Amino acid sequence: MSLVVTGATGQLGRLVIDALLATVPAASVAAVVRDKEKAADLAERGVELRIADYDHPETLAGAFEAGDRVLLVSGSEVGRRVPQHTAVIDAAKAAGVAQLAYTGVLGGDEADFDLAAEHKVTERLILDSGLPYTFLRNGWYTENYTANLAPVLAHGTVVANAGEGRIASASRADYAAAAAAVLTGPAEEHLNKAYELSGDTAWSLAEYAAEVAAQTGREITYSNVPAEAHLAILTGAGVPAPFAEILVDVDRAVEHGALARRTGDLARLIGRPTTPLAVTVKEALDRS
C-alpha cells in the first residue's frame, strides 16, 4: 500500500509530497507524474514515480495498486477536467484503491459559480464509482491574489468586481497539509466524508489592498469596477478571454459570499491556525 499523489509536480502536489515526507518514510509515497524529468528531484528523495497522463487513460493502468490511498489533485485545464478525472477514477476503481481523496471546491453541490461545475460532476462520478472517498473542498488560495502582485504594485490598485465581498482564504501549504492529514490519518476518520476547507479569517479586497500598502509603504487602493469593465481590463492586459471570464465570475461569487465561509475544518485537520493573509503577502513580496 502506498500514499499516492497525482499531479505531483504541480504547485499543490509538490506541497502535499513535502507534507507527507515530513511524517512518513519516502518509500511509502508514490507520485503520479507525466514528465519523469520534472519529477527527478522527487525520485532523489526516495519517492516512487509512476508515469501517467490524465489525457491518456491507458497510461493510468499502472498508476494505482490495490490498497493505495490516493489523492486526485484536480486538473488545471478548465473544460477538460471531467474526462481527465473520469480516467483517474476508472483506473482507481479497477485497481481497488482503499481511498480516493479529491481536491474540489468550497461548497460542493451548493457552489453556484462556473468554476465549481466540473468539481461537482467529479464528486458525482466518485460517488457513483462506489470508491471509498474523501472530498477536500478547498476554498480560495491566498496565492491566487499574491501571485499577481506585480500589476498591483505597478498601478497602485487592486482591480476587481467583488464589491465588499469577503474571502476566507488559506495558503496553498495549508490545503496541502490537510490533504496529507487525510492520507496518513486513520482511514475510519476520513472515509466517505466531505470537508469544507477555508481559512480562519475572511478578508475583503479593500483589506488586502491595505495590507499590501502597509507592507510596502506605497499607496495601494481597491478599485471595484463593474464586471464588464473588469473583463475588458483583463482581456486588454492579455488574459485569454475564457480565463478572464472565470476570474470575473469568481469575483461575482466573492461578492455574494460564496468564498467567505469559515468552517474550521481546515484548522482542525492540520492541527493549527491557518496561515494569515499578512504572512502570505510578506512571502510574496520577499520573492518579488
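Helix H3 (residues 81–95) packs against helix H4 (residues 117–129) at an angle of about 20°, and their axes lie 10 Å apart. The model is predicted. Angles under 35 degrees count as roughly parallel, so H3 and H4 are roughly parallel to each other. The crossing of H3 past H4 is right-handed.

The contact draws on both helices. H3 brings Arg81, Val82, His85, Thr86, Ile89 and Lys93. H4 answers with Glu118, His119, Val121, Thr122, Leu125, Ile126 and Ser129. Five residues of this contact are nonpolar, five are polar and three are charged.

An α-helix has 3.6 residues a turn, so residues three or four places apart point the same way. H3 itself has 15 residues. From first C-alpha to last, H3 reaches 21 Å, close to the 21 Å expected at 1.5 Å a residue. Its buried residues are Arg81, Gln84, His85, Ala87, Val88, Ile89, Ala91, Ala92 and Ala95.

Gly96 follows H3, and its phi is positive, near 80°.

Now to another helix. Leu277 lies in helix H13 (residues 277–287). Leu277 is buried, because its relative accessible area is 13% and buried means under 20%. Leaving aside residues up to four places away in sequence, Leu277 touches Thr142, Trp203, Tyr208 and Glu211. Leu277 and Gly62 are 215 residues apart in sequence, and their C-alpha atoms are 40 Å apart in space.

Methods
Residues are numbered from 1 along each chain as its sequence is written. This is a predicted model: local features need pLDDT of at least 70, side-chain atom pairs count only at pLDDT 80 or more; totals for chains, interfaces and linings use all residues. Side-chain values use heavy atoms; hydrogens and water are left out. Axes are lines fitted to C-alpha atoms, for helices over the stretch in contact, and angles run from 0 to 180 degrees between N-to-C directions. Helices (H or I, at least four residues) and strands (E, at least two) are DSSP runs, numbered from the N terminus. Angles under 35 degrees count as roughly parallel, over 145 as roughly antiparallel, 65 to 115 as roughly perpendicular and the rest as oblique. A crossing is left-handed if the near helix is turned anticlockwise from the far one by less than a right angle, and right-handed if clockwise. Contact means heavy atoms within 4.5 Å. Ala, Val, Leu, Ile, Met, Phe, Trp, Tyr, Cys and Pro count as nonpolar, Asp, Glu, Lys and Arg as charged, and the others, Gly among them, as polar. The expected span of a helix is 1.5 Å times one less than its number of residues. Buried means under 20% relative accessible area, exposed over 50%, partly exposed in between (1.4 Å probe, protein chains only).
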